[in-house]
Amino acid sequence: RHMTKKSMIEVRDLIKHYGEVHAICGVSFQIRRGEVVGLLGPNGAGKTTTMKILTGYLAPTSGGIFVGGMDAYEHGLACRNLIGYLPEHNPLYPELVVYDFLRYVGDPRGLSKSLIKERIETVGRRCGLQEVIGRAIGELSKGFRQRVGLAQALLHDPPVLILDEPTSGLDPNQIVEIRELI
């Protein structure tokens, strides 16, 4: 099947083996622009592994991955620049101030200093970080740390956003807040 111009992500016969363990066995799917999709399945079904492969953090054993119409193997960096990713275990630097962390994340994304500042203001507002933007990440609640993680995923204004269990470990009120934010 050929990918349509409206597709943002297409996966063809994705396979991932860890030695004798078959984590993903021939998965294929297509996600069109504007669609919101959830991966459902029991623990160990390969959901997180699939997301890590889509984001370029993990190499597949075989299969084709296309992001924004580009082959992820041939155009890895360009494909990764189209994706904002919030992993299940949000990798934050607790000693950094929220603003400094977001500035640090924006630099490798190729954002100019003026654009980084503008984007931090925009995602800070969107993610409700105004009151904590000058605080160290280690001082924040789990809910605010998730907001910081979401802000870093949105910082470069990607057309694709991949979130791996964004409400995991949050209390019921925080879950509602993060869902509304998403």
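Which residues touch the most other members of the largest nonpolar core? They are Val98, Phe101, Leu129 and Val148, out of 22 residues in that core. A nonpolar core here is a set of buried Ala, Val, Leu, Ile, Met, Phe, Trp, Tyr and Cys residues joined through side-chain atoms within 4.5 Å. Buried means under 20% relative accessible area, exposed means over 50%, and partly exposed is what falls in between, with a 1.4 Å probe and protein chains only.

A word on the ground rules before going further. This is a predicted model, where local features need pLDDT of at least 70 and side-chain atom pairs count only at pLDDT 80 or more, while totals for chains, interfaces and linings use all residues. Residues are numbered from 1 along each chain as its sequence is written, and side-chain values use heavy atoms, with hydrogens and water left out.

Helices (H or I, at least four residues) and strands (E, at least two) are DSSP runs, numbered from the N terminus. Take Val148 as a way in: leaving aside residues up to four places away in sequence, Val148 touches Leu92, Val98, Phe101, Leu102, Leu129, Ile137 and Leu140, where contact means heavy atoms within 4.5 Å. Apart from this core lies another one, of 19 residues, including Val11, Leu14, Ala72 and Val160.

Leu14 also turns up in the sheet, where Leu14 stands opposite Val27 in strand 2. Strand 1 (residues 7-18) and strand 2 run antiparallel and are joined by nine bridges. Zoom out and you get an open sheet of four strands in the order 2-1-3-4, with antiparallel pairing; two strands pair if DSSP finds at least two bridges between them. The edges are strand 2 (21-32) and strand 4 (70-71), each of which pairs on one side only. While you're in this part of the chain, look at Lys16, which lies over the face of Tyr18 at 5.1 Å from the ring centre. For that label, NZ of Lys or CZ of Arg has to be within 6 Å of the ring centre and within 35 degrees of the ring normal.

On to rings that meet other rings. Rings of Phe, Tyr and Trp (its six-membered ring) pair if their centres lie within 6.5 Å; planes under 30 degrees apart count as stacked, over 60 as edge-to-face and the rest as tilted. By this rule there are three aromatic pairs. In one of them, the rings of Tyr57 and Tyr85 have centres 5.2 Å apart and planes at 40°, so the pair is tilted. Tyr57 sits in the loop between helix 1 (47-54) and strand 3 (62-67), and Tyr85 in strand 5 (residues 83-86), so this pair ties together parts that are 28 residues apart in sequence. Tyr57 is exposed at 61% relative accessible area, whereas Tyr85 is buried at 8%.

Then there's Tyr93 with Tyr104: their ring centres are 5.8 Å apart and the planes are at 90°, so the pair is edge-to-face. Tyr93 is in the loop between strand 5 and helix 3 (98-106), and Tyr104 is in helix 3, eleven residues apart. Tyr93 is partly exposed, at 37% relative accessible area, and Tyr104 counts as partly exposed too, at 48%. Ring pairs link Tyr93, Phe101 and Tyr104 into a cluster, and Phe101 is one of the core residues we started with.

What about charges? Side chains of opposite charge can pair when their charged atoms come close. Four salt bridges are counted, each being a side-chain nitrogen of Lys or Arg within 4 Å of a carboxyl oxygen of Asp or Glu. Helix 3 holds one of them, between Asp100 and Arg103, with the closest N and O atoms 3.4 Å apart. Asp100 and Arg103 are three residues apart in the helix, which means about one helical turn separates them. Asp100 is partly exposed at 28%, and so is Arg103 at 42%.

Glu139 forms another with Arg135, at 3.6 Å between the closest N and O atoms; Glu139 is exposed at 52% and Arg135 partly exposed at 33%. Finally, Arg147 and Glu177 meet in a salt bridge at 3.1 Å, N to O. This pair links distant parts of the chain, with Arg147 in helix 5 and Glu177 in helix 6 (residues 172-181), 30 residues apart. Arg147 is buried, at 13% relative accessibility, while Glu177 is partly exposed, at 38%.
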